[in-house]
Amino acid sequence: MAIILTSLNYKGGVGKTKNTTLNAYEVAKKGYKCLVVDLDPQSNATTVLIRTKQAHDPDNVFSFEKTLMTAVREESLENLAVPIIENLDLLPSYIDFANYSTFLDKRFGVVEEGDPDYHEITKQKITYFNQLLTPLKEQYDYIFIDCPPALNLLTVNAMSAADSVLVPMQCEYFALEGLTALVDTISKLAAVVNPQLKIEGVLRTMFDHRNRLSNEVSEQLKQYFGEKVYRTIIPRNVRLAEAPSHGTPVMYYDKSSLGSKAYLGLAGELLRREEQQQKAEAS
Ligand code: ATP
Ligand code: MG
């Protein structure tokens with residue numbers, strides 16, 4: 001049964017997609033069967049992974065047969081997964097996934113707080129994606145869900161399907177602000193629909209050691225989240241920023257770059273944490 005992680009922060013541009021795609025890539029390389037679900041209508045994870053597929057197999061001419069939105073409308077995610085590299089599949093998204101909330105309104109109806117069936121209908125809308133994903137969970141060891149930078153039905157659907165949330169964040173002014181809302185939503189969802197949901201870890205991204213503010217925010221994060229803060233720090237690294245425009249994940253582009261090494265380290269830390277957690281749960 002897959003362990004499901006979602007990379008989430010309501011702030012934009014903090015490294016969610018980079019984290020989802022490179023983590024999945026590294027974990028797949030270590031031999032675990034992985035699936036990336038692109039729940040973001042911006043479809044950045046889809047673009048990066050399709051380029052990765054093409055870089056890996058240049059003779060393969062790829063065209064979408066269907067996208068996540070089509071599959072959701074058909075109420076089945078079967079036959080949607082696109083193989084990227086060995087052990088790594090993708091559920092591809094497209095801009096039409098922005099219609100997901102409207103689809104749920106049509107499917108379940110529009111309700112307002114105070115309506116007698118408000119809680120029941122809301123619950124059905126929140127858990128809908130998890131229901132669709134359930135038949136795929138047996139096929140993978142890890143499922144990584146990439147989310148848009150928003151607090152909306154899409155991100156709440158991701159959280160109700162997930163075992164845990166990985167929060168990438170830049171150590172900058174205002175960085176901590178959206179976190180309270182995120183922590184709050186996680187505890188509400190845990191209480192109502194998904195008791196096992198927790199924060200998997202907080203990842204410091206695009207970090208610049210020379211910047212005093214970054215170091216201060218990093219300290220605040222450690223005080224607030226303690227052991228949840230990953231030891232691995234992802235540096236701001238030009239190779240990580242450049243890699244997608246070369247049509248490659250950073251590993252193909254520059255294996256020896258600090259960014260590449262940091263993501264390799266992160267995948268190791270993530271797997272170690274998961275193993276420790278499973279051992280603790282089993283004992
Ligand atoms: P959005 O909220 O729009 O979905 P995001 O949180 O998914 O954004 P990314 O797309 O992963 O963020 O990263 C934002 C930009 O920063 C991208 O251009 C990416 O290539 C670049 N980037 C990500 N991580 C790093 C890094 N460690 N060093 C340098 N550039 C980075
Ligand atoms: Mg993104």
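How many nonpolar, polar and charged residues does the lining of the second largest pocket have, by class? I looked this up and found eight nonpolar, four polar and three charged residues. For the classes I counted Ala, Val, Leu, Ile, Met, Phe, Trp, Tyr, Cys and Pro as nonpolar, Asp, Glu, Lys and Arg as charged, and the others, Gly among them, as polar.

**Ground rules**

I am working from a predicted model, where local features need pLDDT of at least 70 and side-chain atom pairs count only at pLDDT 80 or more, while totals for chains, interfaces and linings use all residues. I number residues from 1 along each chain as its sequence is written, letter chains from A and number ligands from 1 in the order in which they are written, and take side-chain values from heavy atoms, with hydrogens and water left out.

**Second largest pocket**

I noted a volume of about 430 Å³ for the second largest pocket. It is lined by 15 residues, and the closest to its centre are Thr122, Ile126, Lys188, Leu189 and Val192. Two or more lining residues come from each of α5 (118–137), α6 and α7. The largest share, six residues, is from α7. Helices here are DSSP runs (H or I, at least four residues) and strands likewise (E, at least two), numbered from the N terminus. On a 1 Å grid over the protein atoms alone, a pocket is an open set of points with protein on both sides within 12 Å along at least five of seven lines; a cavity is a set where a 1.4 Å probe fits but cannot get out; lining residues have an atom within 4 Å of a point.

**Helices around the pocket**

I next looked at α5 against α6. Their axes come within 7 Å and cross at roughly 55°. α5 and α6 are therefore oblique to each other. Angles under 35 degrees count as roughly parallel, over 145 as roughly antiparallel, 65 to 115 as roughly perpendicular and the rest as oblique. The crossing is right-handed, meaning the near helix is turned clockwise from the far one by less than a right angle. On the α5 side I listed Lys125, Ile126, Thr127, Tyr128, Phe129, Asn130 and Leu133, and on the α6 side Leu153, Val156, Asn157, Ser160 and Ala161. I took contact as heavy atoms within 4.5 Å. These contact residues divide into seven nonpolar, four polar and one charged.

Then I checked α6 (153–161) against α7 (177–192), which pack at about 55° with axes 10 Å apart. That angle makes α6 oblique to α7. α6 passes α7 in a right-handed crossing. Val156, Met159 and Ser160 of α6 meet Leu182, Thr185, Ile186 and Leu189 of α7. By class this contact has five nonpolar, two polar and no charged residues.

**Cavity**

I searched the whole structure and found one cavity of 30 Å³ or more. The largest cavity has a volume of about 40 Å³. Its lining is Leu5, Thr6, Ser7, Asn19, Thr20, Asn23, Phe144, Ile145 and Leu166.

**α1 and α11**

From α1 I went on to α11 (258–282). The axes of α1 and α11 come within 9 Å and cross at roughly 75°. That makes α1 roughly perpendicular to α11. By class, their contact has eight nonpolar, two polar and two charged residues.

Notes:
Axes are lines fitted to C-alpha atoms, for helices over the stretch in contact, and angles run from 0 to 180 degrees between N-to-C directions. Grid points are joined across faces, edges and corners, and a volume is the space filled by probe spheres set on the points.
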